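Here are my notes for your first look at this structure. Please keep the display open while you read, and take the points in order.

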Amino acid sequence: MKKIIALLLVALFVCGALAACGGSKTADNNNTAATADQKKSDFKAGFIFLHDENSTYDLNFINAAKAACENLGVECILKTNIEESNACKETALDLVDQGCGFVFADSFGHESYMIEAAKANPKVQFSHATGTMAHTEKLDNYHNAFASIYEGRYLAGVAAGMKLNEMIESGKITADKAKIGYVGAYTYAEVKSGYTSFFLGARSICPTATMEVQFTGSWYDETLEKEAATTLINNGCVLISQHADSMGAPTACEDAGVPDVSYNGSTLASCPNTFIVSSRIDWTPYLEYAIKAAMNGDKIDADWTGTLGTKSVVLTEVNDKAAAKDTQAKIDEVKAKLDSGEIHVFDTKTFTVTVDEAKQLNVGAKVDGEGHLTSYMADVDTDEAFAGDTEVIADGYFHESEYRSAPYFALDIDGITLLNTKF
Amino acid sequence: MTTTKAINKEASSREKPFHIVKRTDMPTWKSWLIRILSVLASLVVCAIIIVAVTGDNPLEVYGTMIKGAVGSARRVWVLLQEVALLLCVSLAVTPAFKMRFWNIGAEGQVLMGGLGATAVMLLLGHKLPAPVVLVLVIVVSILCGAIWGVIPAVFKAFWNTNETLFTLMMNYIAIQIVSYFTYVWSSNKGNNVINTINVDNHAGWLNLPESVDRYGYLLNIIIVAVLTVLMYFYLNRSKQGYEIAVVGESINTARYAGINVKKVIIRTMLISGALCGVAGMLLVSGTDHTITPNTAAGRGFTAIMVSWLAKFNPLFMVLTSLLLVFMERGAIEISTVFGLNTSFSEIIAGIIIFFIIGSEFFINYSIKRTRAKEVETK
């Protein structure tokens with residue numbers, strides 16, 4: 001008897017809940033009506049993200065995707081947490097099934113799956129951020145994009161240099177203690193190019209600056225990034241920056257009261273006392289360009305490199321609470337010089353390189369008597385031999401992101417110490 | 001049975017007003033009714049949480065979930081493919097579990113199988129004829145998985161090491177080995193990504209031609225379906241399957257009955273590891289056509305749940321793996337359509353699974369009120 005009553009109660013409960021749900025339906029219908037109003041075209045754009053909005057890297061893409069679609073009045077479908085596996089190809093094809101005319105993926109490991117999806121759907125345009133294969137695959141509907149983020153990092157480095165100078169002037173540290181700590185994800189070109197440009201920016205302002213780099217071996221691991229930052233701080237680093245995507249390093253800095261130059265976007269909200277400035281790639285200009293081209297049937301560049309000029313490389317507001325005085329003015333000054341071509345980030349006169357065949361250090365680079373680069377064959381075309389194929393030193397500077405959009409500066413310059421390597 | 005019941009009653013009735021009694025007499029229809037009702041109840045609880053936390057319409061959320069899992073031909077194929085992959089790993093761990101050998105190293109065994117397939121495809125893909133490459137892929141991946149599985153079994157059989165820790169640690173070793181090789185074999189120096197292997201000649205690819213099988217998963221699904229049936233008969237109808245069950249019940253009984261326990265442990269883990277190797281092969285040569293340290297994607301651990309929920313019955317495991325994959329596929333769609341973080345979908349999946357596991361308790365046990373008299377007499 002009791003059991004029957006219990007069963008009846010459960011059944012009643014189900015009915016009651018279903019009835020309650022029915023009531024809330026009207027509100028939802030209004031919601032869809034509103035989005036239909038905003039929609040100005042039938043075009044759909046699909047986006048594939050490796051993580052979700054908890055990763056600063058993906059959040060930066062998600063925001064850009066939403067902004068670009070809203071500006072163009074197209075419908076956008078966002079797919080988060082898509083792994084770098086067959087899942088990426090399936091998601092891309094699923095987006096095509098749903099009617100997307102443009103599909104975009106944001107993570108390096110998505111590339112070969114995007115190419116497979118592109119081959120299967122010649123009428124749909126596929127774009128991939130940070131990839132390297134578009135210029136060798138030569139598909140009409142597959143494209144790579146990146147930005148000259150090294151310029152942004154150089155400017156962020158300027159802000160770091162200003163801070164170091166302020167610490168030296170106030171007597172907080174001596175000039176020889178101006179050591180920067182850098183938390184990197186992996187020991188490869190994208191990260192190396194990033195920390196080297198950041199360091200060169202800092203050293204252009206604070207000549208005694210040195211840097212230590214600790215790699216985590218992951219693009220997103222909050223614990224490891226926090227640990228790495230703490231290790232660097234304990235090693236005597238007085239300023240931290242990072243190229244990894246969680247809040248690990250910024251929060252470690254806030255906890256320890258060490259200034260942090262962030263990446264991918266402002267971390268001011270969580271780190272009000274230590275956040276100085278952040279460089280990031282704004283993907284909105286590229287996405288607007290590519291989606292518009294896909295809508296009109298125009299050709300999209302196989303390799304598109306955003307710059308300061310295209311507003312693809314941007315800096316957040318400077319946090320006056322943590323930054324040195326006049327930081328913003330200095331950044332603007334240097335930015336104008338970069339823009340005009342008066343200075344170059346990888347000017348070979350500003351850094352030296354040690355070549356050591358035995359230690360496998362910078363093999364293939366040619367330097368003059370003082371250690372300044374005179375020749376370097378970069379591995380621009382993807383191949384299994386890993387052989388350098390393109391001379392990238394000309395006119396006194398290293399031509400980064402010019403022969404393809406993704407970075408290829410993979411040298412270890414003097415003044416930067418790698419505490420570990422992670423591949 | 002009656003004696004244990006009495007003891008249970010006595011032990012639990014000392015101070016508590018309720019006690020738990022094992023039931024043995026529930027008819028099948030009733031147990032399934034309870035299971036179905038528990039799923040319904042879980043949906044009700046989820047509905048309340050959805051409304052309270054997000055304000056979205058729960059019916060629409062459920063509808064989206066179903067659409068995400070089976071909303072188009074492609075999605076149905078992907079669903080079946082994911083079920084096949086998870087089921088394959090679950091089948092692999094089951095004989096070990098039935099033997100009470102806690103193989104939580106499936107993740108690593110799958111990866112090693114996958115690595116074997118990758119190695120053959122990469123190194124021999126352009127040197128040998130494609131059919132030979134495929135045969136080698138199959139042999140090598142099964143061998144790699146089996147070796148990775150049998151190492152802890154040998155240590156268990158001869159030195160009685162703790163297999164739980166042993167197999168768990170072997171996962172991390174496997175992940176590091178795969179990380180190392182993704183670096184060594186990476187398509188672009190140091191970028192840690194091996195691009196799709198043998199795109200030109202498809203050597204070592206375990207797929208039917210596109211004209212026969214548009215989505216490319218048919219072969220994977222057929223292989224796992226056959227394995228499921230074979231495993232069912234192996235566990236329930238073969239002498240070896242019986243030996244596994246006896247060793248699982250009691251090693252001393254097994255010894256007394258003249259079963260060579262060491263041999264059974266090693267043989268069973270060879271099978272377990274080999275099947276994981278098959279799963280690795282299906283992932284690398286049938287699905288991804290490359291490898292990353294994340295290729296197994298936690299299936300080695302999810303498989304434990306699939307196997308337990310199905311009480312080590314391979315046929316039920318089809319249902320439990322379908323349930324888990326269905327919810328996972330649905331969850332992805334929920335996060336897209338409603339803009340909810342995937343964690344929210346995981347909460348929903350967690351609640352549903354909690355109810356299903358809970359229902360098993362009520363199917364196996366009943367809660368009885370302890371009569372006042374009994375309490376007084378104590």
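**Notes on the structure**

1. Start with strand β9 (residues 260-263) of chain A. A:Asp260 and A:Ser262 point one way from this strand, while A:Val261 and A:Tyr263 point the other way. All of these residues are buried. Keep in mind throughout that this is a predicted model.

2. Next, look at the partner of β9(A). Strand β8 (residues 239-243) of chain A pairs with β9(A) in the parallel sense, over two bridges. Which residue of β9(A) is the bridge partner of A:Ser241? The partner is A:Val261.

3. Seven strands of chain A form an open sheet with mixed pairing, in the order β12-β10-β9-β8-β6-β7-β19. At the edges stand β12 (313-315) and β19 (416-418) of chain A; each has a single partner strand, so one side of each is left without a neighbour in the sheet. From one strand to the next, the twist averages 20°.

4. Strand β10 (residues 275-281) of chain A and β12(A) are antiparallel, paired over three bridges. A:Ser279 is opposite A:Leu315 in β12(A).

5. Helix α8 (residues 222-234) of chain A lies across β6, β7 and β8 of chain A, at about 165° to β6(A).

6. Chain A has another open sheet. Six strands make it up, in the order β2-β1-β3-β4-β5-β11 (chain A), and the pairing is parallel. Here β2 (75-79) and β11 (303-306) of chain A are the edge strands; each has a single partner strand, so one side of each lacks a neighbour in the sheet. Neighbouring strands of this sheet are turned by 20° against each other on average, direction ignored.

7. Look inside the six-stranded sheet. Strand β1 (residues 44-48) of chain A runs parallel to strand β3 (residues 100-105) of chain A, and five bridges join them. One pair to find: A:Ala45 has A:Phe102 in β3(A) as its bridge partner. Helix α2 (residues 56-72) of chain A packs on the sheet and touches β1 and β2 of chain A; its direction makes about 165° with that of β2(A). Helix α10 (residues 284-296) of chain A lies across β1, β3, β4 (125-129), β5 (142-147) and β11 of chain A, at about 150° to β3(A).

8. Is α3(A) mostly covered or mostly uncovered? It is mostly covered: 11 of its 12 residues are buried. Among them are A:Cys88, A:Leu93 and A:Val96, and also A:Lys89, A:Glu90 and A:Asp94. The cover includes β1, β2, β3 and α4 (111-120) of chain A, together with α4 (73-98) and α11 (261-288) of chain B. Just after α3(A), A:Gly99 takes a positive phi of about 100°.

9. The length of α3(A) makes a simple check. At 1.5 Å a residue, its 12 residues should span 16 Å; the end C-alpha atoms are 16 Å apart, which agrees.

10. Chain A is assigned domain 1 (44-147 + 284-306) and domain 2 (149-283 + 308-418). Their centres, taken over C-alpha atoms, are separated by 27 Å. In chain A, 27 residues of domain 1 are in contact with 22 residues of domain 2. Helix α2(A) gives the most to the side of domain 1 that touches domain 2, with six residues.

11. The largest nonpolar core has 130 residues; A:Ala65, A:Ala92, A:Met114, A:Ala159 and A:Ile240 touch the most other members. Helix α6 (residues 149-169) of chain A gives the most to this core, with 11 residues. Both domains of chain A give residues to this core, so it lies between them. Leaving aside neighbours within four places in sequence, A:Ala92 is in contact with A:Ile48, A:Val103, A:Tyr113, A:Met114 and A:Ala117. A second, separate core of 97 residues includes B:Val44, B:Val318, B:Met327 and B:Ile348.

12. Finish with chain B. It has 15 helices and two strands. Of its 378 residues, 44% count as buried. The C-alpha trace of chain B spans about 85 × 60 × 35 Å along its principal axes.

Conventions. Residues numbered from 1 in each chain as written. Chains lettered and ligands numbered in written order. Predicted model: local features only at pLDDT ≥ 70, side-chain atom pairs only at ≥ 80, totals over all residues. Pairing = 2+ DSSP bridges. Helix = DSSP H or I, 4+ residues; strand = E, 2+ residues; numbered from the N terminus. Axes fitted to C-alpha atoms, helices over the stretch in contact; angles between N-to-C directions. Contact = placed C-beta atoms within 7 Å. Expected span 1.5 Å × (residues − 1). Buried ≥ 20, exposed ≤ 12 C-beta atoms within 10 Å, placed from the backbone. Core = buried A, V, L, I, M, F, W, Y, C linked by C-beta atoms within 7 Å. Domains from an automatic or database assignment.
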